[in-house]
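Okay, thanks for making time, everyone. Let me put the model up, and then I'll walk you through a few spots in it.

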Amino acid sequence: MSEKSGEFPVDNEFGGSSEDEDDDDFAADYNPPLDMLVETSGAIFDALTLVGLLESVEKPSEFEIHTFAYLSCLLNVYDGHPASSWGYSFSAVPPAVPFSSTISLTLETLLSMGLLTRSYDTAPPSTDSPTEATVGSHSPIRLELTDAGKKEQKFLSSLETMRRREKYLEAAKSTSLIYSVPAVVNSLVHEPQLWQAAKTVGPRKLLVAISSRPLYDQFEALKDALGRDAHHLSVPATVYVGYLEESARGDLNPSDRTEEAEKHP
């Protein structure tokens, strides 16, 4: 663990249409908007990539993009990088859900630029998991990539600085193939910092040193269980979400059990 920060020092399914024979050569004549290449490029790439990945399962809501971006950031931490290396931060907002002001602003910008579009989903929410109805409500407003958004995402994914992020986004998305998207969202409520935030009033900054120890302990236990050798990140991602979903079935989150044990040795 870094003494300074208290943090761990510790083929893309997305693509253009195969019907477009010129897709592979698009970079030669495609000029992305200049304001897409500013310091928020990480959030832009994350938002476009997550919408593209998740809409292959079901069109995501803005709420779900925040959650899967947070899960991606957690996997970056699990992989041994400080949370600050992700490039933007998260806070817990009532009812204990992850929120990034950077992602929120980015989504609005992408919508205004025509790289994303909203659609209205009239289908009822999935209820495959007993935890799915515990957080928030089903949002009928869904996000989709436009053709311009697909080109922008493909351009950004060709940049070396973006490739490092992609494996975390894809691993986060892989959890939705085992659990439904709503199940993943609701399981994340039992991530230690979000769970603790549920006991407070108002927003609470996530992944800061003073509150991160239970998370690091969980990650260390997960690495011990899976082995320290390199795994495709979809394995720890799926196991961790399953662990959190199992926690949702109990009366106490694991971090609560630790606190109780310390009070009553």
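So, Val57: at 33% relative accessibility it counts as partly exposed, because that class sits between buried, under 20% relative accessible area, and exposed, over 50%, using a 1.4 Å probe and protein chains only. Before I go on, this is a predicted model, so local features need pLDDT of at least 70 and side-chain atom pairs count only at pLDDT 80 or more, while totals for chains, interfaces and linings use all residues. Residues are numbered from 1 along each chain as its sequence is written, and side-chain values use heavy atoms, with hydrogens and water left out.

Where is Val57? It lies in the loop between helix 2 (41-54) and helix 3 (62-78). When I say helix, I mean a DSSP run of H or I with at least four residues; a strand is a run of E with at least two, and both are numbered from the N terminus. The areas are Shrake-Rupley with a 1.4 Å probe, and for residues only the protein chains shown count as cover.

Now to Leu54, which is found in helix 2. Is Leu54 buried or exposed? Buried, with a relative accessible area of 0%. Leaving out residues up to four places away in sequence, Leu54 touches Lys59, Pro60, Ile65, Phe68, Lys173, Ser176 and Val181, where a contact means heavy atoms within 4.5 Å. Its C-alpha atom is 9.3 Å from that of Glu64, 10 residues apart along the chain.

In general, side chains of opposite charge can pair when their charged atoms come close. The rule here is a side-chain nitrogen of Lys or Arg within 4 Å of a carboxyl oxygen of Asp or Glu. How many salt bridges does that give? The count comes to 8.

Take Glu58 and Arg142: they form a salt bridge, with the closest N and O atoms 3.9 Å apart. Glu58 lies in the loop between helix 2 and helix 3 and Arg142 in strand 4 (residues 141-145), so the pair ties together parts that are 84 residues apart in sequence. Glu58 is partly exposed, with a relative accessible area of 27%, whereas Arg142 is buried at 2%.

Arg142 also meets Glu64 in a salt bridge, 2.9 Å from N to O. That one links distant parts of the chain too, with Glu64 in helix 3 and Arg142 in strand 4, 78 residues apart. Both Glu64 and Arg142 are buried.

Then there's Asp79 with Lys167, a salt bridge at 3.3 Å, N to O. Asp79 is in the loop between helix 3 and strand 1, Lys167 is in helix 6, and they are 88 residues apart. Asp79, at 32% relative accessibility, counts as partly exposed, and so does Lys167, at 40%.

On to helix 6 itself. Where does helix 6 (residues 160-178) bend? At Glu166, by about 30°, taken as the angle between axes fitted to the seven residues ending there and the seven starting there. Its buried residues include Met162, Arg165, Glu166, Tyr168 and Leu169. What covers the buried residues of helix 6 includes helix 2, helix 3, helix 5 (147-157), helix 7 (181-187) and helix 10 (234-248).

Strand 1 (residues 91-93) and strand 2 pair over 3 bridges, and two strands pair here if DSSP finds at least two bridges between them. Val93 has Val97 as its bridge partner in strand 2.

Last, the whole chain: 11 helices and 5 strands, with buried residues making up 48% of the 265 residues. The chain exposes about 13,000 Å², and carbon and sulfur atoms supply 53% of that.
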